[in-house]
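User: Please go through the side-chain interactions of the model shown below, one question at a time. I would like each answer to finish on the value or name that I ask for.

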Amino acid sequence: MASYIRSLIRRVIMSSLNEETGVRVASFPKFDLFQQPEYLRAQAHAAEYAASLHIVNHYSRYICLKPLIETGRTTTHRATIDAAFRYMEPFITNTLAEITGKIENKLCVLPKGHSGKCMSKCHNTLFKKDPEASARFGTKIDQAIYTTPGNDGIIYKNRHDRSFPIVVSSANERLIKEYERTIAAAGAAAGAAAAKKGCAIPLCERSTPLMMATAYVDFMSYLLNIEGIDTYITPNENLSEQEKEMIAFLQNTHKPFLDTYYRGYNRRIFTDRRDGGDGGDGGGFTRCAVRLYTFTPRDFVDTTRDSRFEISQNDIQIGHIVSRSDSEYTIRGLNVLFMSRRGNLIIGEENYLEEGWRDTLRGCLK
């Protein structure tokens, strides 16, 4: 099947070859970025998400969610878009004006009625108690929520803003790469196979400002409820009022909401509270949603090793309830969880709230 698809793509591309200055140059079957079928489905799902009861009744009720005015970022962001558009122009029907019209600012993640200015993240100064770990905390949080994962840089950028407006489905990325390989094979000087353009982000890694804001709040609530996290947090007397308000919200308001939500699916993402009347085992600390292992701060950041190479099965990873997809944005509130490396492997591509992965484990024990 894969070879058939490749040959079909070649026929579509080569069918429009023409002679020009002695070099065969193919015309690409251009597409509209914002009419990709997968993009339209993802946008429709995002609209449903924004109107859902949990968003309206909790996130919109308790979180500021005002758009940030990002004047400094706008200039650099626009320059990046201009450069990316020059690379993408041969493949798309869109104008630069259409693309820049899709730029969206991040939203404020602070509690409604907060003091000070609006912010899209609050972690930059929260972990100064341990300077060595502080930078790693910030990098890991940013990469989990606001930045796409590493990539080959050919079409997809190697880490970039998840709201970048030039977004390409996996099917169209393959089409562009196959086109360039075909051109290179035909000997056309204009085609350079596997040239690094870094001009788009993957549709499966995109998210909206609202979805990123809600995912960030969930993520920070899991992080700030890890047992022993206080040893890394900046001393209370050195925190701003804004930071104190955010910590109180994440630990005292948002955590009970998350706990109740997942208990409704018979899932426990925090240890039971000793003071909750149910004889719990640890005081409401964050644990692996799959293995029920209670996390420690070193499972998130361990300064004694490089977790990329010296792995631990308890390393914290961001797990998805619905796995990455071109048809819906999965970095969103109530779709991200803390899972251990081993727990994430057990889940695979299964839906965490459904019984499939549990049935698989039961079957293994028969």
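User: Which residue forms a salt bridge with Arg298, and how far apart are the closest N and O atoms?
Analyst: A salt bridge is taken here as a side-chain nitrogen of Lys or Arg within 4 Å of a carboxyl oxygen of Asp or Glu. This is a predicted model, in which local features need pLDDT of at least 70 and side-chain atom pairs count only at pLDDT 80 or more, while totals for chains, interfaces and linings use all residues. Residues are numbered from 1 along each chain as its sequence is written, and side-chain values use heavy atoms, with hydrogens and water left out. The partner of Arg298 is Asp302, and the closest N and O atoms are 3.2 Å apart.

User: How many residues apart in sequence are the parts tied together by Lys106 and Asp161?
Analyst: The side chains of Lys106 and Asp161 meet in a salt bridge at 3.1 Å, N to O, and both residues are buried. Helices (H or I, at least four residues) and strands (E, at least two) are DSSP runs numbered from the N terminus. Lys106 lies in the loop between α5 (96-100) and α6 (131-145), and Asp161 in the loop between α6 and β3 (167-168), so the parts they tie together are separated in sequence by 55 residues.

User: What is the N to O distance between Glu180 and Lys197?
Analyst: Glu180 belongs to helix α7 (residues 170-185) and Lys197 to the loop between α7 and β4 (201-202). Glu180 is buried at 8% relative accessible area, and Lys197 is buried at 15%. Their side chains meet in a salt bridge whose N to O distance is 2.7 Å.

User: Which class of aromatic pair do Tyr222 and Phe270 form?
Analyst: Rings of Phe, Tyr and Trp (its six-membered ring) pair if their centres lie within 6.5 Å, with planes under 30 degrees apart counted as stacked, over 60 as edge-to-face and the rest as tilted. Tyr222 in helix α8 (residues 209-224) and Phe270 in the loop between α9 (241-263) and α10 (297-300) are 48 residues apart. With 6.3 Å centre to centre and 45 degrees between the planes, their pair is tilted.

User: Why does the pair of Tyr293 and Phe295 count as edge-to-face?
Analyst: Tyr293 is partly exposed at 23% relative accessible area, while Phe295 is buried at 0%. The ring centres are 5.7 Å apart and the planes stand at 85 degrees, so the pair is edge-to-face.

User: Which ring has Lys102 over its face?
Analyst: A charge sits over a ring if NZ of Lys or CZ of Arg is within 6 Å of the ring centre and within 35 degrees of the ring normal. Lys102 lies at 4.9 Å from the ring centre, over the face of Phe34.

User: How many disulfides does a search of the whole structure find?
Analyst: A disulfide is a pair of cysteine sulfur atoms within 2.5 Å. The cysteine sulfur closest to that of Cys64 is in Cys118, at 3.8 Å, which is too far for a bond. For the whole structure, the number of disulfides found is zero.

Note on methods
Buried < 20%, exposed > 50% of the residue type's maximum accessible area, 1.4 Å probe, protein only.
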